[in-house]
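Subject: Structure handover and notes

Dear colleague,

Please find the structure below, followed by my notes on what was found in it. I would be grateful if you could read the notes with the coordinates open.

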Amino acid sequence: MGLGLADGRPDHQASGSEWRTPPLWGLGLTHAVNGAEELLHDGRARGVVEAVLWHGGEAEAARERFRALGRADRDALLDFLRSL
């Protein structure tokens, strides 16, 4: 996920700047279950938008496409993610 999230600790075949993104099933229940919406491997993102914007490395292109979305499309995507 890039240098901004790197912890420098390799894990098996992943370098210290690579992370496995878990399935997003249940994402919409995160706040109800945990009382907060702290995301990413270390909880530094305070919601889906921050989590997306923290991404770099291989995910940088996806982050930039997200940033380029118009408000209606971004809201639709966030509504979809919250429905999972």
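**Glu-37 and its surroundings**

Leaving out residues up to four places away in sequence, Glu-37 touches Thr-30, His-31, Ala-45, Arg-46, Gly-47 and Val-48, where contact means heavy atoms within 4.5 Å. Before going further, please note that this is a predicted model, in which local features need pLDDT of at least 70 and side-chain atom pairs count only at pLDDT 80 or more, while totals for chains, interfaces and linings use all residues. Residues are numbered from 1 along each chain as its sequence is written, and side-chain values use heavy atoms, with hydrogens and water left out.

Glu-37 itself is placed in the loop between α1 and α2, and it is partly exposed, with a relative accessible area of 25% (buried means under 20% relative accessible area, exposed over 50%, and partly exposed in between, with a 1.4 Å probe and protein chains only). Its C-alpha atom is separated by 9.0 Å from that of Leu-27, which is 10 residues away along the chain.

**The chain as a whole**

The secondary structure comes to 4 helices and 0 strands, and from the N terminus on the elements run α-α-α-α; helices (H or I, at least four residues) and strands (E, at least two) are DSSP runs, numbered from the N terminus. Of the 84 residues in the chain, 20% are buried. Among contacts between residues at least 6 apart in sequence, 36% join residues at least 24 apart. The accessible surface comes to about 6,100 Å², of which 54% belongs to carbon and sulfur atoms, as computed by the Shrake-Rupley method with a 1.4 Å probe, where for residues only the protein chains shown count as cover.

**The nonpolar core**

The largest nonpolar core has 8 residues in all, namely Leu-27, Leu-39, Ala-45, Val-48, Ala-51, Phe-66, Leu-78 and Leu-81, and the elements that give two or more residues to this core are α2 (48–54) and α4 (71–83). Such a core is a set of buried Ala, Val, Leu, Ile, Met, Phe, Trp, Tyr and Cys residues joined through side-chain atoms within 4.5 Å. One of its members, Ala-51, is in contact with Leu-39, Leu-40 and Ala-45, leaving aside its neighbours within four places in sequence.

His-55 lies in the loop between α2 and α3 (60–68) and is buried, with a relative accessible area of 16%.

Arg-63, which is placed in helix α3, is likewise buried, at a relative accessible area of 15%. Not counting residues up to four places away in sequence, Arg-63 touches Val-52, Leu-53, His-55 and Gly-56, and a polar contact of 2.8 Å joins its side chain to that of Glu-64 (a pair of N or O atoms within 3.5 Å; within protein, one must be able to donate a hydrogen and the other to accept it, and residues adjacent in sequence count only if both atoms are side-chain atoms).

**Charges over rings**

The charged end of Arg-44 sits over the ring of Trp-54, 4.7 Å from its centre, and Arg-74 lies over the face of Phe-66, at 4.7 Å from the ring centre; the criterion is that NZ of Lys or CZ of Arg is within 6 Å of the ring centre and within 35 degrees of the ring normal.

With kind regards
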